[in-house]
Amino acid sequence: NTLRQALVYDALKFERPLFGHMSLILAPDRSKLSKRHGATSVGQFADQGYLAKTMVNYLSLLGWNDGTEQEIFEKTELVEKFT
């Protein structure tokens, strides 16, 4: 898919952005995680008792690590690390 996106940028004479690869995320049964596994909206996670800051922290760690063993980040730390 990245090649196609790059060709679209080239055809439109836009500067190509830097593309990154995200690791494949697997479900507990080792199948490719999809929208059909478990809760499918932010509201459903909230209804199940998940806190917004918990979801932000969890999602930030999918396919990313800052090179340390730290697993819990405040939002301000994540903004700093991702900018």
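How many positive and negative side chains does the protein have, and how far apart do the centres of the two sets lie? The legends below refer to a predicted model.

**Figure 1. Charged side chains of the protein.** There are 10 positive and 10 negative side chains.

**Figure 2. Helices and overall dimensions of the protein.** The protein contains four helices and zero strands, in the order α-α-α-α along the sequence. Its C-alpha atoms occupy a box of roughly 45 × 30 × 25 Å along the principal axes. The radius of gyration is 17 Å, whereas a compact globule of 83 residues would have a value near 12 Å. Of the 83 residues, 10% are buried. Among contacts with a separation of 6 or more, 9% join residues 24 or more positions apart.

**Figure 3. Aromatic pair of Tyr9 and Phe19.** The protein has four aromatic pairs, one of which is formed by Tyr9 and Phe19. The arrangement is edge-to-face, with 6.2 Å from centre to centre and 80 degrees between the planes. The pair links distant parts of the chain, ten residues apart: Tyr9 belongs to helix α1 (residues 2–11), and Phe19 to the loop between α1 and α2 (42–47). Tyr9 counts as partly exposed because its relative accessibility is 28%, which falls between the limits of 20% and 50%. Phe19 has 36% relative accessibility and therefore also counts as partly exposed.

**Figure 4. Aromatic pair of Phe45 and Tyr50.** Phe45 and Tyr50 form an edge-to-face pair. Their ring centres are 5.6 Å apart, and the angle between the planes is 80 degrees. These two values are given because a pair of aromatic rings is described by the distance of the centres and the angle of the planes. Phe45, at 24% relative accessibility, counts as partly exposed. Tyr50 is likewise partly exposed, with a relative accessibility of 43%.

**Figure 5. Aromatic cluster of Trp64, Phe73 and Phe82.** The view shows three aromatic residues, Trp64, Phe73 and Phe82. Ring pairs link these residues into a cluster.

Methods: Residues numbered from 1 in each chain as written. Predicted model: local features only at pLDDT ≥ 70, side-chain atom pairs only at ≥ 80, totals over all residues. Heavy atoms only, no water. Helix = DSSP H or I, 4+ residues; strand = E, 2+ residues; numbered from the N terminus. Rg over C-alpha atoms; globule rule 2.2 N^0.38 Å. Buried < 20%, exposed > 50% of the residue type's maximum accessible area, 1.4 Å probe, protein only. Contact = heavy atoms within 4.5 Å. Lys, Arg positive; Asp, Glu negative; His and termini not counted. Charge placed at Lys NZ, Arg CZ, Asp CG, Glu CD. Phe/Tyr/Trp six-rings, centres within 6.5 Å; stacked < 30°, edge-to-face > 60°.
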